[in-house]
Amino acid sequence: MTGKASASSLDRQQILTALGRHWNPTAALMMAATERQVESHAHGSEVFGEDGSCSLDFAGSYGVFLVGHQNDAVREAVLHELERAPAIPPGATHPAMAELFSLLLEILPPGLDRFTLGCSGAEVSEAALRAAYLARPGRHRIVIVAGGYHGKTLGALTVLGQEEHRRDFLPGGSDLVVVPPGDAASVRRAVSSRDVAAVFVEPVLGGAYLRVPPADFLPEVSRACAETDTLLVADEIQTGFGRTGRMFAVEHFGVVPDIILLSKALTGGFVPVAVAAMTHEVASAARRSPQWHPGVLEGTTPSALSMAAATATIREVRRLGLPERAERVGAALRDGLRAAVRKHPRHLVDAPGIGMMTGLRTRNPAVENLISMQMSARGIHLGHSLNEQMDQPVLRFYPPLTVRSEQIQRVLQALDESLQWLDRRPAWLMRRITWLLRRQYQLPPPLVLKLMHSNLKVNW
Ligand SMILES: Cc1ncc(COP(=O)(O)O)c(C=O)c1O
């Protein structure tokens, strides 16, 4: 067990005031409204408050804490590197990167053997876009799936004032084709014009949608891409490293993409890092572009610390057999969630998911919020969809893959109690709460706190 962090000298009100004033007033208000404790330390699936409380983390930062909080082996590797040479100075030869690459080669689908590094998922999504534009010159359309998420930073390139860096990628602005989830025929139609550089997919659509596609979707998309020389980019930022019951979700469908994106779980939550792995064909086609130069796909900050964390995390995933565990233990979680759906059809639609990428599709955003709050009050943190505009958002259950069976039982028990509590609320209240939720960002902050029975003050 790790050393407990020393208690903060700031109380909850002071912390939220600082966050509200100097960072994000809306996020601070939401934190104030949910009345969670100030976190002190965490280990495995458990998060401890400064008041000594212990909660179960079934949100896992949407997939980051796959090997559990403060995984001992990863922490050791990080501390070891910290004492050696945590940064890789430009021009230095350091073994950390090569070690990570050789491990990635052992676990990735065959042929994905060229790597680009970044610090966030969005950064490597952009690297994949740049690689696609370079490797398929003259093609400026990109196909994406409605509801897909690949990060938020493309704006950086769109607004870049240095024309020489921008013109090759966004000559007339990006040209997106949005297809419905699971609809391979639409992808085929879009790529048949042979002006699409790449199709971006999450093999299992995450976010508030959580959709496993029909079995023939990805194979058919892959065929359509191969026939038209279009690149297939699989974003495994949420699904990678065992979350779905396979090391990578594409394995469920027998598909090998041209580019695969990895981040989130990759470093066990210690240091953010991301990788775009691509085939030799993509990398060499990009190299042949007149616009190619050695730094075109990445930034300047590879860190030995993050490489060491990633290497140790992958070793842990394999040592603990986490993909198999996700499949086996995840089945118990999914069975429990499905039983809840059968018992509470008034509130729940279904329990989608695969492996330990699971969730509850709720009848409306009020149900999602109220279950989330009730569970939080019972010491269980779930992955809220953060989308009150959706009609039937999915409340996500993404525990670390190291979660123990009795912890899953505790969560299912708390869920049953929360749903029983919900059963006692009248239908008009749900409609009123949905109405309020959809306007929550327009409501005066003190009113939000009053409605949530919070005793904190908004003084930012
Ligand atoms: C599937 C997927 N792709 C990309 C991203 C973006 O990653 P980041 O937040 O590190 O930029 C996320 C983040 O949630 C994601 O879930």
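Visitor: What distance separates the centres of domain 1 and domain 2?
Guide: This is a predicted model, in which local features need pLDDT of at least 70, side-chain atom pairs count only at pLDDT 80 or more, and totals for chains, interfaces and linings use all residues. Residues are numbered from 1 along each chain as its sequence is written, and side-chain values use heavy atoms, without hydrogens and water. Domain 1 (12-67 + 321-451) and domain 2 (73-319) have bounds from an automatic or database domain assignment. Taken over C-alpha atoms, their centres are separated by 29 Å.

Visitor: Which residue forms a salt bridge with Arg246?
Guide: A salt bridge requires a side-chain nitrogen of Lys or Arg within 4 Å of a carboxyl oxygen of Asp or Glu. The rule finds 1 salt bridge across the interface of domain 1 and domain 2. With the closest N and O atoms 3.2 Å apart, the partner of Arg246 is Glu327.

Visitor: How many residues of domain 2 are in contact with domain 1?
Guide: Contact here means heavy atoms within 4.5 Å. Domain 1 takes part with 29 residues. On the side of domain 2, the number is 28 residues.
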